[in-house]
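User: I have a structure here that I have not seen before. Can you walk me through it?
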Amino acid sequence: MNYPVLNLDVFGGGLLIALIAVFHVYIAHFAVGGGLFLVLTEHKGYREQNPAIIEYVRRHAKFFLLVTMVAGSMTGVGIWFTIALLNPGATSVLIHNFVFGWATEWVFFLLEIISIFIYAYTFDSLDRRTHLLMGWIYFGAAWMSLFIINGIIDFMLTPGNWIENHSFWSGFFNPTFWPALFFRTALALIFAGLFGLLTATRIKNPELRHHLVRYCALYLLIPFVLLLGSTWWYKIALPPELRTMIFQLMPEMQPYITGFILFSAVLFLGGLLMAIRLPRCMSCSAAVIMVVIGLLYMGCFEFIREGGRRPYIIRNYMYSNSILKQDLQAVRQQGVLKTAKWSREKRVTRDNRLTTGKTLYNLLCLSCHSIGGPLNDIKPMTKNFTPWGLENMIGAIDRFHPYMPPFAGTRLEAKALAYYIAFGLNGRQDPSEPVAIQPLAEVKIPAFNRETDTYVLLAWTDMGMQAITDASRSWMMLPPGANLHAQLIKRGEIPEVVTENVQISYKIDPAFAHPAAAIEFWQNAPLLYGKKIKPDTGLSGNPLTGTMKAGELDFSADLLPVVPYPAGGGYMPYPDMTLTATDTTGKVLATTKTVIPVATEMGCSTCHGGQWRVDGRAGLSRTTADNILAVHDRLSGTDLKQQAASGRPVLCQQCHGDSRFGLQGNGRQLNMSASIHGFHANFLDPQGADACTACHPAADNGASRSFRGIHHTLELKCTNCHGSLADHALSLLKAEQAAGKKRASVLMENLKPEMVADVAEIIPRQPWVNEPDCLNCHVDFQTPEDDITFNKYTKNEAALFRNRTDASGQLRCSGCHNATHALYPAVNPYGRNLDNRQPLQYQNAPFPIGSNKGCAVCHTVPMDEEMHHPNMLHTFRNQ
Amino acid sequence: MDAATLIPTPDQIPVGWGWFQVLLTLTFYLHVLAMDTMLGLVIIAFIHHFSSENKSLPVTREISKKLPYAIALAVNLGIAPLLFVQVLYGHFIYVSSVLMGVFWLSIVLLLIVAYYSAYIYSYRYQSMRAGRMVTSGITMFSLLSIAFFLSNNMTLMLHPESWVRYFEHSDGFLLNLGDPTIIPRYLHFVTSAVAVGGLGISLFYTYRSSRGHEGCTRWIRYGCNWFAGATIVNFALGFWFLGALPEGLIKPVTLVGGLFSLFLIMALITAILAVIAAMRYRPLPAAGLLLATLFFMVLVREFLRVSYLKPWFSPVELTVQPGGWSPFLLFLLSFIAGLILIGWMLKTTLAAAHKKEARS
């Protein structure tokens, strides 16, 4: 926030520091261990009275000088230069707090330079003892340099009590100081052996070569014990939360951890191999390879150490993007642009989204993410997101990615940053126009003669808004399966609900009669549900044209496999169903029509990449579906993507129980509703009702617009009845938390309720059982005084609107009012009165059956009693 | 845009700013001595190879031997002032470094090139001819480039009003070329390096002469001539530099302006006397006067920086974080012990070399 940011683009993401630092640190460790190697080998030469060994030491010292003094020292200066460019804020903290540590290290560096020059060039002029003493002085100075730098570097990882007292000594002798010192000393000795091999394998005399190669190999083998011990010590010295993050929560670290373990073994085995007598050319090549492996080894360790600091550059003090932890809330309130000294634009506007987005990127992201570079390239990481999706991800970036700093900006700044990345860099856009819908040319109202017809046939589905998932080769969450209901009423003075000696058949619009040609559900059903299902029939065996099953009050046909894909192509989420009631002789008693709402408009691709599968407006593409599995794998440690790729699609409910489908899950994971709402609420909650329509097919500008009933016309939002996404999720999660599922608490941690003051006030509920009740607002069926309800749910499934009856216990609420989300009078986007055909058929008005005192639909005599529910004998209020 | 709003907020310092000012001045003085010697020697060597078809002279052979040491020492002695300048002026120099980031970073690469090239020049001197000019030239041009970038950074940090250019060019390719002092300042420093390099040659041969070597007189004169010539040129460059300073920047009636003027005059006097001594081929008095001149000029440079930054910042404004004395003491003790040890090592090594020389 304090300094300008160098616009590195492809060189961002820590590439520069990685290149310079890994190389420098490798050489710097060699510079320490190599010093000891020189003097001990010289001692050996004198002890064995072997001038050839002394000659080897002399040559190795020259090589050592060239490598460490030039490449080592200069890249050391390079690190200073680089960190000051990449993170001046953090550099300033290190300089100002440890200036005398650095200055002391400088003294030792000066000693190193002078002593190594003297050592390398005075084999002939100094007496043995003094010459060796010069070597020891060099090694002592080099190790002291390591001692000091080690304190400052590990301060960044584990600052310990410095956070509270800002004392030099607390920061320097931090919790990982000693294990890191031993660890690095062991590394230094191993690297001394590696470089020793490089020169020893080039000796022409085979005996001397073999003798010295075996000697160098000891430097790989003996310090290995120290390395193992100090690695273990280093690991347990890390604060537990840091250990968890490095070794469990950061899958990005895994390759480096694996690499470190693997290369440890390779170097040890390499040491053993080199102890065997090998031909010169082979040992030379092996030595070169091992030196390269040593560099990779160092790189792995440095990446783990640097990565372990995330999301901080100085743990618990300064985030990677230079924002101080203590300043985070203030920055959030004021905004990054206003807080940053080096931002010309101080406010996001519609016109400057790209430029402010880029500024925000430079300020907040560039220190770790390159643009198109080889390290931490932001483009592939964000390619799946549209600006809207990314905005939500950015706002909660730290919640499931603990190595990411929390977003420090305002919501508008998140929007601008997301726009810059998703559109500016990746070229993805959110739809700017509503999806164009071609309404049906004509909505035919079935015939009904009020004078002569004896029967009224009412039909509905139990859900007015229903989605299915159609990427079953990858995974399945919502199988095709609409539940159709019907009631046949015999008109009369006392009308009668008829279920005996009659038959009600249903017939899908022929354009939708062969769903198996449109989706792959039937091919994958055996793998998903363990049973083969006949094409074009549903999970319960019902076909799309058939006879309904009679119940006590109504008829039903369960799990009809209706899909929104007509035979001619395209997307139509309201397939037509014709119902016909006949008596035992086959005489038609009544006919009516209803729609089967079924949508595949789940906006997963907004955040998970891919495109719509069908007609640019609906359907889950395989890419999107696989990307979702990849995210699941990354965050939950599963391998579902691999499972699906190997031909075994994933049934979500196999682990996540779902009472809607009667699936128990594995009992350990959250139920489906709690899991999916709980996870996504963490990202989407700030979007209000738009959060709901990101996944549910209810958006006003979408291709389905399934929220189309009277409440929609009255401009109620999803949140009026369901609460915000956080409220909704919390109510589900609390029930799971009470059931002892730990994951619930994790998902709840950052969710804040909107409808109540505190999470404690949220009433736990079960999905598909405890739902908002109409009577919460329509108290006693009267005109509502409020249009918001929360925390008050149906007690059981029987109390759900779709299962309830009127006061007489004979008529289903849905029969007269239609299904939830499509309550009469509904406005269907594919034909204004598509949902209203039954009220228009029976009473020539789109209002609930019997409204406007329309008792004559069923009653052949005037009625003055509110026998179905109170307040019904009135003119419909919202005409 | 008000440039003052761009200046970052500085961090706290562990002990009073005066200590850091003393350490900065002192270590920069040591650095400039080593740096001038290094750069001056390589420039003289290159000019010689360039102008005499790569003929070898004892002086270039000696330069080739000493150059790697000089680079190592100059770099090492540059670390300390760079450290202390960050303590006092980090919030200025970090900004200027970012603004010219690409050039600033290229210094590392240039340094490695210069260093390895110097080693090749040293190790292969005898076996090369054209290579002498090439390798010494690569080292020289690399070091001259580094010097140019350093001059840019050290002046860019003094001009917050020019920092707003960042908003048009945030790619690290900004320099401070709009500053009329940059060229005379750079040339002034480089020419002083030639002068110091020349006197360094004189001193080396004076020492050799004292050890009984013959044929040193020619090279003592050779070095003195370089020193005197370069310093005379530098008078002109210095006045150009002085004249290019913004009007009103130095007000002799103020404390800072007064001290600036005083030390500048003292530097002028000692420099004139040094030139006279050099023209009389008396390198030791010339060296003493040169050391004084350089010291005064280092002080002049510090006061110039203070004057430039006066509208924006003064180190007096820095706040102190308590508890910094014990690490300071540790540093001082290490420094003193280190110097004693270095003294002993050099003495022992030289004694052994003399002994060996006497034997042979």
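User: Before I go on, where does the model come from, and how are things numbered?
Analyst: This is a predicted model, in which local features need pLDDT of at least 70, side-chain atom pairs count only at pLDDT 80 or more, and totals for chains, interfaces and linings use all residues. Residues are numbered from 1 along each chain as its sequence is written, while chains are lettered from A and ligands numbered from 1 in the order in which they are written.

User: How many helices and strands are in chain A?
Analyst: Chain A has 29 helices and 17 strands. Both are DSSP runs numbered from the N terminus: helices are H or I with at least four residues, strands are E with at least two.

User: And what percentage of chain A is buried?
Analyst: Buried residues make up 53% of the 879 residues in chain A. A residue is buried if 20 or more other C-beta atoms lie within 10 Å of its own, exposed if 12 or fewer, and partly exposed in between, with C-beta atoms placed from the backbone.

User: OK, domains. Which ones are assigned in chain A?
Analyst: The assignment for chain A gives domain 1 (9–318) and domain 2 (324–425). Such bounds come from an automatic or database domain assignment. The C-alpha centres of domain 1 and domain 2 of chain A are 37 Å apart. Their contact takes 18 residues from domain 1 of chain A and 19 residues from domain 2 of chain A, where contact means C-beta atoms, placed from the backbone, within 7 Å.

User: Which domains does chain B have?
Analyst: Chain B is assigned domain 1 (10–175) and domain 2 (180–314). Their C-alpha centres lie 18 Å apart. In chain B, 24 residues of domain 1 are in contact with 28 residues of domain 2. Helix 1 of chain B gives the most to the domain 1 side of that contact, with 13 residues.

User: How many residues of chain A are in contact with chain B?
Analyst: 53 residues of chain A are in contact with 58 residues of chain B. Helix 2 (51–86), helix 3 (88–121) and helix 4 (128–157) of chain A are the elements that give two or more residues to the chain A side. The largest share, 22 residues, comes from helix 3 of chain A.

User: What sort of residues are on that side of chain A?
Analyst: The chain A side divides into 33 nonpolar, 17 polar and 3 charged residues. Ala, Val, Leu, Ile, Met, Phe, Trp, Tyr, Cys and Pro count as nonpolar, Asp, Glu, Lys and Arg as charged, and the others, Gly among them, as polar.

User: Switching to sheets. In what order do the 4 strands of the open sheet in chain A come?
Analyst: The order is 8-7-11-12, with antiparallel pairing. Two strands pair if DSSP finds at least two bridges between them. Strand 8 (545–547) and strand 12 (588–595) of chain A each have a single partner strand, so one side of each is left without a neighbour in the sheet.

User: How many bridges join strand 7 and strand 11 of chain A?
Analyst: Strand 7 (residues 502–508) and strand 11 (residues 576–583) of chain A pair over 7 bridges. A:Ser505 stands opposite A:Thr580, and A:Val502 stands opposite A:Asp583.

User: What about strand 11 and strand 12 of chain A?
Analyst: Strand 11 and strand 12 of chain A also pair in the antiparallel sense, over 7 bridges. A:Thr582 has A:Val588 in strand 12 as its bridge partner. The hairpin of strand 11 and strand 12 of chain A has 4 residues between the strands, and A:Gly586 there takes a positive phi near 95 degrees.

User: Is A:Leu559 buried or partly exposed?
Analyst: A:Leu559 is partly exposed, because 18 other C-beta atoms lie within 10 Å.

Methods. Two residues are in contact if their C-beta atoms, placed from the backbone, lie within 7 Å.
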